Every structure is written in C-alpha cells, then in structure tokens.
Amino acid sequence: MTEATRFNPHIADARWQEYWENNKTFHADDESEKPKSYILEMFPYPSGRIHIGHVRNYTMGDVLARYKRMTGHEVLHPMGWDAFGMPAENAAMEKKTHPGSWTRENITNMRAQLKRLGFALDWSREIATCEPEYYGQEQALFLALYKAGLVYRKESSVNWDPVDMTVLANEQVIDGCGWRSGAPVEKRKLSQWFLKITEFSDDLLDGLDDLKNWPDKVRLMQENWIGKSSGLQFHFDLENSVNSDDGAIDKVEVFSTRPDTIFGASFVAIAADHPLAQSLAKDNQQLSDFCDDCRKMGTTAAELETMEKKGFDTGLSALHPLDPTWKLPVFVANFVLMDYGTGAVFGVPAHDQRDLDFARKYMLPVTRVVAKAGDEETPIANEAFTGEGTIINSRFLDGMEIEAAQKSVIDHAESENWGKTQVTWRLRDWGVSRQRYWGTPIPIIHCNQEDGSGCGPVAVPNDQLPIVLPEDVGFDVPGNPLERHPTWSKVDCPSCGKAARRETDTLDTFADSSWYFLRFASQPADKPFDRGVVEKWMPVDQYIGGIEHAILHLLYARFWTRALAHIDMLDVKEPFESLFTQGMVTHETYSRQADGDAKPTFFSPDEITRTSSDATLNSDGKAVDVGRVIKMSKSKKNVVDPDEIIDQYGADAVRWFMLSDSPPERDLPWSEAGIEGCWRFVQRLWRLKSLIGDETDSPDKDLMRKMHQSIAGVGEDIENLAFNKAVAKIYALVSAIEKAKPSADRNSAIRTAFMLCAPMVPHLAEEAWSEIGDGSNIIANAAWPTFDKTMLTEDEITIVVQIKGKVKDKFTTVPGRSKEELESLALASKKVQNIIDGAPIHKVIVVPDRLVNIVI
RNA sequence: GCGGACGUGGCGAAAUGGUAGACGCAGCAGACUUAAAAUCUGCUAUCCAAUAUGGGUGUGCCGGUUCGAGUCCGGCCGUCCGCACCA
C-alpha cells in the first residue's frame with residue numbers, strides 16, 4: 001500500500017478542525033426552531049495538561065452531541081474551565097509564579113490539546129471561572145441569595161496550620177499534621193459564610209425521585225447524604241444543674257431514631273463542643289484536655305467511624321424520663337458530633353455497635369431490650385443486635401414490636417411534655433468561606449468601628465461589581481495574600497461611608513461549578529444570564545462526568561438551581577435531566593523493587609518495551625515487574641499523554657480506543673496494543689472507500705439486512721451511551737462489507753458505514769465523505785440514516801431443541817412458525833427420539849423463534 | 001465503620017430468564033513478499049475422544065426459585081469506589 005492510499009490524520013485532522021471552526025459548524029443557535037439538546041461534560045480543572053480521562057469523558061459527550069446533530073437537534077455542547085482552586089496557589093509557592101498566570105497558561109495549553117481531538121464544541125461560549133466576567137456575575141448571584149436570606153454567617157472550625165499560618169483542607173492534613181509544614185494541626189474557630197442548603201433538604205430529597213435517568217447509586221448516595229431520619233427529641237433532666245455563661249444548665253436535649261430502646265439506655269454522651277461540656281471544662285483541666293484532644297481528631301466520616309471510641313465521665317447524672325429514680329452517667333464522647341441532631345445521644349449498648357464498644361470500654365451495663373423469638377435470654381457478646389424483634393425488659397413496652405414501641409414512647413413523651421417527634425437531617429449548611437487567594441472574592445464589606453459601632457457586614461452594591469482579585473500579590477510569606485495586601489481590603493462602608501474592611505475570604509470553588517451550566521446557555525455582559533435563553537436550553541439533557549462528583553458538586557448544583565428558582569430568577573427545577581458517570585482510564589504499572597524495604601521504583605510506559613509476556617526497561621534491557629492495571633497516577637508513572645498519542649495515531653484512533661471494548665461506566669485499561677489495533681481499524685475503514693464501484697444492479701439482501709440492523713443497533717446503542725456495543729456493530733458491518741461482492745447495495749452499505757462511524761471518527765468520516773458523499777453537505781451536517789423495519793428480521797433462524805433444559809439438537813426454519821409446528825419439528829429429530837427413547841413426555845415448552853424444551 | 005458497585009476465556013468484553021463467550025486485543029498456522037512492514041485467510045474456554053460427525057464440564061464459592069439461571073433470591077469470599085476545605 002502506498003502512502004497516498006493511507007489515511008493521514010496529520011493532514012486530515014487539522015483540515016477539518018479548521019473547516020469546522022471557520023464555518024462555525026458547531027455554534028449553537030439560541031433562535032433555532034429545531035428540538036434542542038444540551039450535552040455537557042463536567043468542565044475540567046486546568047491542572048496543566050489534558051489527562052487521558054478527560055479524553056474519554058469528552059469523547060463520549062462528543063459522540064452523543066454529533067449523533068444528536070445528525071438526528072436533527074440543535075445541540076449546545078460547550079466547554080470551559082473550573083479555574084479557581086488550591087493547586088494554582090500551590091504552584092505559585094513552589095514555582096514562584098502567580099496563580100493567574102499559571103492557570104491561564106494551563107488553559108491555553110489544554111485548549112490547544114482539546115482542539116486537536118476535534119470535539120464538536122461551541123468554543124464561542126468558552127468560560128473560565130477565574131475571569132471577572134464570570135466570577136463577577138457569581139458575586140451578583142451570591143448577593144441575590146444573601147438578600148433573600150439564604151446566606152448567613154456563623155462560627156465554624158477549620159484546620160489551622162500554625163507554621164504556614166493557613167487553613168488546611170482535609171486532604172492537606174496528614175496524620176494530624178500539615179502536609180507542608182509538618183506542624184500539628186489545630187482546630188480554630190472562624191466566622192464564616194454559609195449557604196442555607198438545609199432550607200431545601202426536603203425538596204432536594206424528593207426531587208431525586210424524578211431523576212429517572214440518573215444512576216441509582218448516585219441517587220442513593222445523595223439520599224444518604226441528605227440523611228433524613230425521624231425520631232424522638234427529648235431531654236434528660238440533670239440531677240444537679242451546671243453553671244454556664246448563659247445561665248444554669250439543668251437538662252440535656254437528645255435525639256434518637258430508636259426511642260423504642262429507651263429502657264436499654266445505660267449512658268448519655270455529649271459532644272466535646274456541647275455547651276455543657278464547655279462549661280464543665282472551664283473548671284476541669286482534664287476534661288478541657290480531653291475536649292482539645294477530640295478537636296484534634298479528624299472530622300471526616302471515615303475517621304470518626306473507625307477511630308477508637310473514647311469518653312470522659314463528667315460525674316454528672318441524667319435522670320431517665322420514664323423513671324426519675326434511674327440515673328445515667330453523662331460522658332463527653334469523641335464520636336458524638338455537635339453538628340448532628342442535638343449534639344447529645346443516649347447510649348443503648350445492646351443495639352448499637354458504637355455504644356456497645358463504648359460500654360465495654362467503660363464497664364457500663366448492657367441490657368438487651370429487643371429480641372427475636374427464642375433469643376430473649378441470649379446475652380449480647382461483641383456484636384450489637386440491630387435486627388427486628390420484640391421488645392423485652394422494658395416495662396410497659398414489653399411484647400410490642402419495634403414500631404409500636406416507638407409510637408408508644410413518643411405518645412408518652414408528648415403527653416407528658418418531655419419530648420416530641422422530630423425530623424433530623426444529616427445534611428448541614430454549606431460553608432463557603434475559604435481563607436485563600438485564588439477564588440471568587442466574597443462581595444461583602446465589614447463595617448466595625450473601633451468604638452464598637454458600625455453597620456456590620458454590608459453587601460457590596462451591585463454597581464461596584466465585580467470585586468476583582470488584585471493581581472499584585474506574592475506567595476513567599478505564609479498567610480492569605482488578600483489579608484496582607486496593603487490597600488485591597490481597605491474600603492469605605494457603602495452604608496455609612498466610614499472606613500471599613502473588605503471580606504478577604506473567597507468562595508468555595510464548588511460555588512463556581514454550581515451554575516456554570518447556566519452561563520454556558522446564556523452569557524450577557526450585564527447579568528448572570530438571560531432567563532428566557534436559559535430556559536430554552538435547560539435542563540442539560542445529558543451530563544457526563546466522574547463518579548467522584550456524585551454527591552457534592554451535583555447536590556450543590558441542584559441546590560443553586562432551586563435557590564435561583566426560589567428567588568424567581570429561573571424556572572427550572574432540576575439542572576441535569578440525565579446523568580452518566582464514566583469509568584476511569586487505567587494502565588498497568590512497571591516497577592522494580594529496590595534492595596531492602598525501600599519503596600519500589602516506577603517506570604513510565606515510554607521507558608518500557610512491552611511484549612505479550614513481559615516487559616523490559618529500555619535503558620538496561622532487563623526485566624521489570626508488571627503490576628496490576630490501576631488508575632493512572634503520576635506517582636505510579638502509569639500515565640499516557642494524549643498529545644503524544646495523537647501525534648502518533650491521530651485523533652480518530654484515540655477517540656475510537658476511548659469508545660471500544662469497555663462499557664463506558666467501567667474502567668478502561670489503556671494498552672499500546674489496543675491503540676495500535678484502533679489505528680489499524682481506522683486504516684481499514686479508510687480502505688472501504690476504495691471499494692465504492694460501479695452501481696451494478698445485483699441485489700445483496702444479506703448485506704442490506706446487516707446494514708439496516710446496524711443503523712438500528714448503532715443508533716440505539718449511542719442513545720443508551722453503550723458505545724462499546726455500537727463499536728462492535730460497526731466492526732461487524734465493516735467485515736460484512738469486505739466480504740460482499742461489488743454491487744450498488746455494497747456502495748450504499750459503505751456510505752452508511754461512514755455515517756454510522758462519523759460521530760466517533762469524525763475527521764476520517766469527513767475526509768471520506770468529501771470523496772464519496774453526495775457533495776451536498778459535510779458529514780457532520782448530514783442526516784443520520786434511516787432503517788427499514790422489515791429489513792431487520794432474518795430469513796432463516798436456528799431453533800434449539802432442549803431436553804430438560806439441556807441443548808440436544810438444533811434445526812433451522814423460517815421465523816414465525818406456530819408453537820405446534822415447532823413442537824412437532826423438534827419431536828421429529830432423530831437425536832431427540834433416541835434420547836427420549838419412549839419415555840413419557842411431561843411437558844413441552846416452546847419459545848417462538850427460539851427454542852423447544854421437552855421435559856421427560 | 002457506613003454506603004455502593006463489581007466478579008464470565010490469556011486480556012477488554014457480549015448475552016429482553018431461553019444456543020455462554022458476539023466484537024476487539026493477544027496468540028498460533030498459512031497466503032502475499034527477496035525480506036520486513038502492511039494486508040488477507042483460517043484456528044483459538046476446557047476435559048475426554050484424538051478424523052469430520054461425538055460426549056462431558058464451565059460465568060468467584062455455597063444454597064434456593066424455575067421446564068430452563070451468567071441473569072432472579074439468600075448467604076459467603078474477593079476486589080474497587082465514595083464519605084462535607086482536592087477538584
């Protein structure tokens with residue numbers, strides 16, 4: 001084969017990318033009459049280089065976007081940058097650069113990388129969240145929410161690094177110490193801004209039912225996250241009251257979802273931050289130390305659940321509400337959270353594992369109050385009993401089922417006025433303050449005069465937006481550059497005109513990604529979005545991204561959409577109609593174990609020569625260990641660079657690889673052999689074009705059937721995002737074409753094949769279409785081929801004959817035969833007769849066009 | 001700890017409760033070629049039989065439902081993912 005007959009992606013890719021751009025092929029028209037389709041992939045963080053995982057994500061969205069165009073939709077398929085965040089500040093410190101220039105340079109590089117993949121994106125709508133045109137509008141939205149009462153300020157604790165003088169993210173706290181300084185991390189209380197997401201708890205939960213096209217697991221994760229539970233809130237009277245700054249404390253309010261176990265209580269536990277604990281700690285150094293220890297511990301759910309349960313006996317006694325003579329010890333415990341419920345619980349060791357662990361440690365009684373029949377006398381060992389059963393050892397509740405007992409206790413509490421039913425949520429309000437530079441400045445001015453007067457926090461007037469981040473900052477000294485800036489924070493109070501201070505905290509970057517899909521749809525200069533235009537495009541018809549965003553990003557975006565609807569800026573309920581979470585791209589690792597117990601050294605794929613059986617290091621020709629196929633990561637060096645792959649194989653082969661083999665929700669193992677196979681297939685597709693010949697009229701019914709089946713199947717597979725299946729069907733069609741004899745039908749099948757693969761390998765498809773198409777259109781604008789239903793069924797089918805469910809024989813026949821005909825054809829089989837051997841036939845099951853099962 | 005997902009050839013996988021392994025990769029054999037690359041053809045779960053035709057086994061393990069289970073149910077085992085300041 002000569003070079004001239006090969007597909008050359010280096011020429012074709014650039015040619016078509018330029019053509020599409022010059023002709024604005026993928027610009028979305030707000031005024032279009034066609035049905036709309038909004039296809040969105042989660043926008044990337046500009047970390048520096050496009051990762052192969054991005055390529056997979058955007059290729060999937062691109063196939064769908066191109067397919068939707070071909071099926072007559074006006075498609076909005078935009079791209080932008082989630083450009084604020086910590087990595088830019090880290091880079092600024094490490095590389096002595098500025099977060100802005102680092103980020104913008106990354107965007108430039110990554111945009112160029114994305115463009116090389118030929119995605120059908122409307123680049124005219126590109127946004128970067130770090131630009132004032134974007135975050136200024138976000139400030140306006142923040143103020144709108146503020147004015148609607150959905151934003152408030154409260155004290156909240158953060159991880160504080162005393163050496164770097166900075167707040168640390170959870171992930172920057174390693175074994176209780178700052179990742180950079182190594183200094184022990186402290187908890188520090190700061191006054192911070194919160195968004196009232198809990199105002200929408202019920203609605204966010206109920207709305208999940210309508211998200212039929214979301215993965216069940218994501219809906220479940222959100223449901224658990226919101227964590228609605230109902231139970232009894234009541235108080236224990238304290239035997240002796242405790243003095244505090246706010247007067248005497250004489251009771252402890254607790255919440256429980258299991259009031260039926262109230263007679264199994266053996267202690268009361270309160271959080272270290274509980275007002276009662278705080279008051280006691282003032283006069284008790286040991287308790288004070290214990291509370292400090294609690295605060296030093298991690299706050300993530302995983303850490304709380306797995307850490308050793310520890311308590312401190314306050315010496316106080318709580319009186320059981322159903323028996324005032326019954327006294328329970330009151331502990332401060334590290335596993336009770338001030339943020340959830342009332343910050344206090346009663347412990348029922350027999351029926352809660354955490355309580356049981358705690359009771360064993362502090363020698364507290366364990367009384368079984370729920371039992372399955374026959375288990376009444378079985379002692380609780382090391383495992384709490386959380387199953388169904390009947391109430392025992394519980395006075396007036398004895399003999400009741402759990403549910404009846406709960407109702408009975410609640411009735412008692414309400415009639416005797418010591419408690420009431422209560423719905424509690426796990427969901428907490430969203431703390432959005434970040435003590436960092438590289439984020440959206442919070443548009444608030446603090447007016448606090450030295451004499452104690454002042455207006456307090458004041459919203460920046462809208463005509464002063466955007467509040468632009470100052471560029472003249474440095475990162476060579478610890479602390480937040482916005483706080484140190486000589487002039488930026490010094491402003492006059494918009495309300496009274498006296499000297500005041502600008503808020504130096506910035507917004508959580510999740511705020512930036514909570515409304516970007518609205519700004520993509522509409523981006524006027526003078527407001528966040530145009531309501532009418534947004535409502536034309538929204539909701540996003542298909543959203544695609546990683547499972548790591550299953551909870552926070554998706555919940556926050558759902559919240560912002562509701563909040564904006566609540567203040568009547570928008571009439572959209574759910575932002576994302578369908579959600580798809582794609583798998584990661586993985587790669588095997590190459591390593592060598594050094595002598596001793598040192599960590600192994602990893603090698604990158606381009607330092608390795610891989611054969612089917614083993615791998616050798618290029619530099620010394622000796623073998624390396626081939627490790628498991630795992631998520632690509634820099635530390636394991638098992639990364640591949642999309643640019644290098646495109647240089648070598650072109651965009652279409654890379655795109656084809658991203659879609660082949662693995663189902664899109666599952667991990668995709670990258671391999672050199674795999675991409676080479678895709679490259680060969682791209683060339684094989686290209687050669688189909690040269691099979692186009694004379695329009696000789698010799699009908700090829702088998703090929704036509706295959707063609708119509710492929711049109712139906714590939715379309716359905718793309719609609720279902722089952723790209724691997726669509727790819728398999730295209731392979732099968734191409735094979736059938738190659739085996740067919742020349743005919744007008746074959747020419748037609750070849751043209752159809754290019755149509756079907758156009759969303760996946762668009763450059764090759766355009767290049768081929770420019771030669772063999774009808775000349776009226778580029779393939780990106782062509783109409784998806786239609787299929788003839790009557791052409792989908794086979795002329796001849798195979799019927800399986802089973803005896804007691806085991807396949808014993810087969811015969812072929814025409815489709816559509818009656819059950820009786822199939823049964824007699826099956827019974828006529830010699831093999832079948834031999835096996836039956838005169839035995840009585842109990843039953844014959846006939847599945848039309850499929851099988852006959854004879855039960856003897 | 002809690003929650004979730006997944007487990008099928010050497011590998012990625014396919015299979016409305018109805019012929020397990022489509023399609024691809026790797027491999028083997030052959031054709032073409034001075035040769036290589038590229039391309040094409042055939043084979044490729046496993047055991048027995050060893051020639052086509054044949055027979056048995058097989059979807060992580062144990063059990064259940066069913067005429068029939070990779071698929072549904074229960075219980076194990078294993079792997080992976082998420083868990084509020086990473087984005």
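Which residue of β14 is the bridge partner of I270? Here are some notes to read beside the model.

1. Ground rules first: this is a predicted model, in which local features need pLDDT of at least 70, side-chain atom pairs count only at pLDDT 80 or more, and totals for chains, interfaces and linings use all residues. Residues are numbered from 1 along each chain as its sequence is written, chains are lettered from A and ligands numbered from 1 in the order in which they are written, and side-chain values use heavy atoms, with hydrogens and water left out.

2. To settle the opening question, I270 has V332 as its bridge partner in β14. Strand β12 (residues 267–270) and strand β14 (residues 323–333) pair in the parallel sense over three bridges. Strands here are DSSP runs (E, at least two residues), helices likewise (H or I, at least four), numbered from the N terminus; two strands pair if DSSP finds at least two bridges between them.

3. β12 also has strand β15 (residues 344–347) alongside, joined by four bridges and running antiparallel. The partner of F267 in β15 is G347. Both faces of β12 are covered, with F267 and A269 buried on one side and V268 and I270 buried on the other. Buried means under 20% relative accessible area (1.4 Å probe, protein chains only).

4. Elsewhere, four strands form an open sheet with parallel pairing, in the order β2-β1-β26-β27. Its edge strands, β2 (74–76) and β27 (579–582), each pair on one side only. Neighbouring strands in the sheet are turned by 20° against each other on average, direction ignored. Between β1 (residues 36–41) and β2 there are three bridges, and Y38 has L76 as its partner in β2.

5. Helix α2 lies across β1, β2, β26 (542–546) and β27, running at about 175° to β1. Axes are lines fitted to C-alpha atoms, for helices over the stretch in contact, and angles run from 0 to 180 degrees between N-to-C directions.

6. How do α2 (residues 52–70) and α18 (residues 642–659) meet? Their axes come within 10 Å and cross at roughly 50°. Among the contact residues are I52, V55 and M60 of α2 and V654, M658 and L659 of α18; contact means heavy atoms within 4.5 Å. By class, eight residues are nonpolar, one is polar and four are charged.

Methods
Nonpolar A, V, L, I, M, F, W, Y, C, P; charged D, E, K, R; others polar. Buried < 20%, exposed > 50% of the residue type's maximum accessible area, 1.4 Å probe, protein only.
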